[in-house]
Structures are given as C-alpha cells and as structure tokens.
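Let's take a friendly walk through a protein model together. Keep the sequence and the 3D view side by side as you read.

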Amino acid sequence: MARTRRDDADGTAPAAGGAAEEEAAGRGPVKSAERTVRILQELARPPYTFTVAQLQERTGYPRSSLHALLRTLVDLHWIEPPTPGGGYGIGAQALLTGTAYLDRDPALAPATACIEAVRDETGCTTHVARLDRGNVVYLATREASDAHRAHSRVGRYLPAHATALGKALLSERTDAELDELLPGPDLPALTERTVRTREELQVELSAARERGWALERGQNVVDTVCVGVRLEYRIPATDAISCSMPAHLASDEEVERVAAVLVRRAAELARELRAAGIR
C-alpha cells in the first residue's frame with residue numbers, strides 16, 4: 001500500500017534524503033529555528049513592520065507555518081502583536097537580547113569613552129563598529145553637538161564596502177578573505193557614489209593601507225564624508241572607529257586633521273585593550 005504523504009509539524013514536507021538525516025543527527029540546521037531567526041531578521045529591516053502576506057512573500061514559508069511561528073514569537077514577546085493593519089514588529093525581548101550583547105563586551109566601555117573623546121576633540125559625530133561577515137554593525141555612536149539625527153545607528157548593519165569603518169577593516173584582509181566576506185564581484189550600492197565592483201574597492205583599500213585610515217565620500221549617506229580607523233587589539237582587527245561630517249565641511253585639510261586624531265586615539269585605545277588582556 002502506498003504511503004500517505006505527511007507534512008511535518010510546521011506545515012511543510014519533511015526534508016528529503018541527506019538533509020533530513022543531517023538534521024536528525026544534529027549536524028544540519030533545525031528548520032523551525034532557522035525559520036524563526038529568518039522572520040526576526042526580516043522584521044529588523046525597514047520598514048520594520050510587515051503583514052503575514054508580506055512576510056510570506058519575503059520568506060516563502062507556508063502561511064500555516066508562518067502563522068504558528070508568529071503566534072509563538074508574540075507569546076514570548078520577541079515580536080509585538082499585530083497592529084490594526086495586521087503588521088508585526090520586533091518586540092521587547094529582542095531589545096533585551098541585543099542589549100545583552102553590548103553589556104557582555106569588555107571592549108565596548110573603553111571604546112565608547114574613546115569615541116566620546118574623539119567627538120569632543122574633532123566636533124564630529126563618532127562611531128565604533130564591528131565587522132560581521134560582509135557588514136559592519138554599529139555598537140555605539142556619539143553625536144556632534146549640532147547633529148539632528150532622527151534615530152540611533154546602534155545595532156544597524158551596513159555593507160562594509162560602503163563605509164569608512166568597513167573599508168578600514170577590509171583593508172587588512174587578504175584577497176581570499178575578501179572572497180569569503182563580500183557578496184561577489186558586483187557590490188550593492190547605497191548611493192550613486194558607492195563602489196560597485198571589487199576592482200573599485202581594491203583601489204580604495206590600497207589607499208587606506210597606504211594612508212593608515214579609510215575614507216568614503218557620500219557612499220553611505222549622501223552629502224556625508226566619513227573617516228575610519230581600525231582598532232588593532234585583535235588580529236585581524238574586528239572593530240573600527242570613525243568620524244562623519246557634512247560634505248561641505250570636509251575639506252582636505254579638515255579630513256587630514258580628523259584622521260590624525262582618529263589614528264592617535266585608536267592607537268591609544270588598542271594599547272589600553274591589549275594591556276587589559278581584552279582580545
């Protein structure tokens with residue numbers, strides 16, 4: 001007698017062949033966990049609120065499975081109940097977990113004190129960020145006194161190739177390491193000035209290695225210039241600090257002045273972290 005096809009508990013067919021065997025043996029990804037994380041990742045992207053239909057379009061998950069996962073995430077406070085328009089958004093538990101990542105990092109307090117000192121000395125908005133695959137994630141930001149930013153950058157991901165922070169960190173990597181980190185020969189653009197090819201990026205990374213600091217003009221945010229320096233307390237470096245300023249203020253002389261402050265402060269911070277045994 002033919003065996004009746006049976007869907008698994010989340011409404012989809014069981015994984016076939018080797019994939020199912022690997023999951024059962026604990027070697028492959030657990031489907032429900034992978035899907036849960038993917039939903040949270042989607043909700044962390046603009047516009048930050050999505051209906052079931054929109055999430056289904058983005059993930060491709062069956063509607064029954066998606067409904068079950070969303071109910072569970074709401075019950076556990078990882079996402080908020082749907083709005084009157086049916087939109088789901090990130091909940092308080094996600095914030096608590098993200099804050100724990102910052103709280104447990106022994107390098108962050110000294111790094112935050114460093115960027116505060118850089119902000120006071122340069123008058124620029126300052127950042128510290130960490131390389132995560134081909135992106136940088138912002139760990140702390142200190143705004144210039146005349147800044148009018150609508151929201152904090154902390155926790156935001158940006159493509160490393162489009163930021164001075166990322167270029168400073170990528171400039172230390174070998175070609176083989178860049179192959180693993182970057183999405184391919186064609187790079188996604190954030191503005192019209194973002195580097196779009198590996199060849200263009202290599203030119204900028206070579207310049208960063210020669211100068212000792214990275215520069216981007218309008219590649220991340222239009223009409224903004226940013227200077228970045230890596231923190232050499234780990235090998236290879238994972239963290240960098242940067243200053244951003246309005247383009248109309250970013251003369252060559254001003255960029256050089258800000259870069260000199262960043263290089264000096266980054267070296268001081270790296271020595272402090274190494275002396276404290278922070279790796």
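The lining of the largest pocket is made up of 21 nonpolar, 8 polar and 6 charged residues. Here Ala, Val, Leu, Ile, Met, Phe, Trp, Tyr, Cys and Pro count as nonpolar, Asp, Glu, Lys and Arg as charged, and the others, Gly among them, as polar. What you see is a predicted model, in which local features need pLDDT of at least 70 and side-chain atom pairs count only at pLDDT 80 or more, while totals for chains, interfaces and linings use all residues. Residues are numbered from 1 along each chain as its sequence is written, and side-chain values use heavy atoms, with hydrogens and water left out.

**The largest pocket.** Its volume is about 1,500 Å³, and 35 residues line it. Ala-44, Val-137, Gly-155, Arg-156 and Tyr-157 are the lining residues nearest the centre of this pocket. Two or more lining residues come from each of helix H2 (31-43), helix H5 (92-103), strand S5 (135-142) and strand S6 (157-159). Which element gives the most to the lining of the largest pocket? That is H5, with 7 residues. The element names follow DSSP runs numbered from the N terminus: helices are H or I runs of at least four residues, and strands are E runs of at least two.

A pocket is found on a 1 Å grid over the protein atoms alone, as an open set of points with protein on both sides within 12 Å along at least five of seven lines; a cavity is a set where a 1.4 Å probe fits but cannot get out, and lining residues have an atom within 4 Å of a point. Grid points are joined across faces, edges and corners, and a volume is the space filled by probe spheres set on the points.

**The cavities.** How many cavities of 30 Å³ or more does the structure hold? There are 3. The largest cavity has a volume of about 50 Å³. Among the residues that line the largest cavity are His-127, Tyr-138, Arg-153, Glu-216 and Ser-244. By class, this lining has 3 nonpolar, 4 polar and 2 charged residues.

Strand S4 (residues 125-132) and S5 run antiparallel and are joined by 7 bridges; two strands pair if DSSP finds at least two bridges between them. The open sheet has 6 strands in the order S6-S5-S4-S9-S8-S7, with antiparallel pairing. S6 and strand S7 (214-217) stand at the edges with a single partner strand each, so one side of each has no neighbour in the sheet. On average, neighbouring strands of this sheet are turned by 30° against each other, direction ignored.

Helix H10 (residues 252-275) packs on this sheet and touches S7, strand S8 (224-231) and strand S9 (239-246). The direction of H10 makes about 25° with that of S8. Contact means heavy atoms within 4.5 Å, and axes are lines fitted to C-alpha atoms, for helices over the stretch in contact, with angles from 0 to 180 degrees between N-to-C directions.

S7 and S8 pair in the antiparallel sense over 4 bridges, and Leu-215 has Val-227 as its bridge partner in S8. The hairpin of S7 and S8 has 6 residues between the strands, and Gly-218 takes a positive phi near 70° there.

**The sheet of 3 strands.** This open sheet has the order S1-S3-S2 and antiparallel pairing. S1 and S2 are the edge strands, each pairing on one side only. S2 and strand S3 (residues 88-90) are joined by 2 bridges.

Helix H3 (residues 52-59) and helix H4 (residues 63-75) have axes that come within 10 Å and cross at roughly 115°. Val-52, Ala-53, Leu-55 and Gln-56 in H3 meet Arg-63, Leu-66, His-67 and Leu-70 in H4.

Most residues other than glycine have a negative phi, and most peptide bonds are trans. His-77 has a positive phi of about 70° although it is not a glycine, and lies in the loop between H4 and strand S2 (79-80).

| Cis peptide bond | Omega |
|---|---|
| Pro-46 and Pro-47 | about 5° |
| Ile-235 and Pro-236 | about -10° |

Pro-47 is in the loop between H2 and strand S1 (49-50), whereas Pro-236 is in the loop between S8 and S9.
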